[in-house]
Amino acid sequence: MRTLAVEGAEFGYGEGPAVLSGVSVTARAGEVLAVTGTSGAGKTTLLNAMAGLLGARAGTVAVDGVPLDGRDHAVSLGVVLIPQDNGLAAILTAAENVAVAVIAVGGSPADARRRTAESLEVLGLSGQANQLVDELSGGQQQRTALARGLALHGDVVLADEVTSELDAANRQRVLDLLRAEAARGAAVVFATHDPEAAAACDRELHLSDGVASWARP
């Protein structure tokens, strides 16, 4: 079980102005932390920083006290990112997208087959396992990306707007799965603009005008 902590951090892109300033938040094992805010508030920026994709201009982002040094380092510490744009390979099937990710983090082919089947099944995608990504609907692609993330069994799971394309039933399914990830000991961070989804989380950090504040500490 791991803890991801952001302390007094400032984030921005290139030479541009800061997107977020003075951010301090800890994602704890066994809980689901919601990150909320309007479009452009910095939710994706914060999750990218937590995933090691974006360095802090000031302050620190650390896992169990170890400052992150890029995405590869974050992956080695068990940080899984499920991105908003799904990041799936269009030339692969749904199952292949999941299996390749498992093998990339050291899973055996047998592990990959088992985890792929399990994660697609819990997301109602067993029937789409052999379909190319381009043949899937937007909601099915979003669930495939989530299946890939869940199959990695991360210690920290960062989920960026993973319910935006889903109907009510599948949204609840995803919320239940994120809760199950926390129950097995993961620290889960869920960026969402959906107030009902945020209300189902343990705590809520709200982003507005480049500043983070606690809606529910």
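In this briefing, Lys and Arg count as positive and Asp and Glu as negative, while His and the chain ends are not counted. The place of a charge is taken as NZ of Lys, CZ of Arg, CG of Asp or CD of Glu. On that basis, the chain has 16 positive and 26 negative charges, and their mean positions are 5 Å apart. The structure is a predicted model, in which local features need pLDDT of at least 70 and side-chain atom pairs count only at pLDDT 80 or more, whereas totals for chains, interfaces and linings use all residues. Residues are numbered from 1 along each chain as its sequence is written, and side-chain values use heavy atoms, with hydrogens and water left out.

**The chain as a whole**

- The chain contains seven helices and 10 strands; helices (H or I, at least four residues) and strands (E, at least two) are DSSP runs, numbered from the N terminus.
- The radius of gyration of the chain is 17 Å, which agrees with the value near 17 Å that a compact globule of 217 residues would have. This radius is taken over C-alpha atoms, and the globule rule is 2.2 Å times the number of residues to the power 0.38.
- Along its principal axes, the C-alpha trace spans about 45 × 35 × 35 Å.
- Of the 217 residues, 51% count as buried; buried means under 20% relative accessible area, exposed over 50%, and partly exposed in between (1.4 Å probe, protein chains only).
- The accessible surface comes to about 9,400 Å², and carbon and sulfur atoms hold 51% of this surface. Such areas come from the Shrake-Rupley method with a 1.4 Å probe, and for residues only the protein chains shown count as cover.
- Among the contacts in the chain with a separation of 6 or more, 67% join residues 24 or more positions apart; contact means heavy atoms within 4.5 Å.

**Helix α3 and its surroundings**

- Helix α3 covers residues 94–104, and its buried residues include Ala94, Asn97, Val98 and Val102.
- The buried residues of α3 pack against α4 (109–122) and α5.
- Just after α3, Gly106 takes a positive phi of about 105°.

**Two buried residues in helices**

- Gln141 belongs to helix α5 (residues 138–151), and Gln141 counts as buried because its relative accessibility is 17%.
- The side chain of Gln141 reaches the backbone oxygen of Leu136 at 3.3 Å.
- When residues up to four places away in sequence are not counted, Gln141 touches Asn86, Leu88, Val133, Asp134 and Leu136.
- Glu181 is placed in helix α6 (residues 168–183), and Glu181 is buried, since its relative accessible area is 8%.
- With residues up to four places away in sequence again not counted, Glu181 touches Leu150, Val157, Ala186 and Val188.

- Thr60 is found in strand β4 (residues 58–63). Because its relative accessible area is 38%, Thr60 is partly exposed.
- Leaving aside neighbours within four places in sequence, Thr60 is in contact with Ala5, Val6, Glu7 and Ala9.
- Gly65 lies in the loop between β4 and β5 (66–67), and Gly65 counts as exposed because its relative accessibility is 64%.
- Gly65 and Gly40 are 25 residues apart along the chain, and their C-alpha atoms are separated by 29 Å.

Methods:
Polar contact = N/O pair within 3.5 Å; in protein donor to acceptor, adjacent residues only side chain to side chain.
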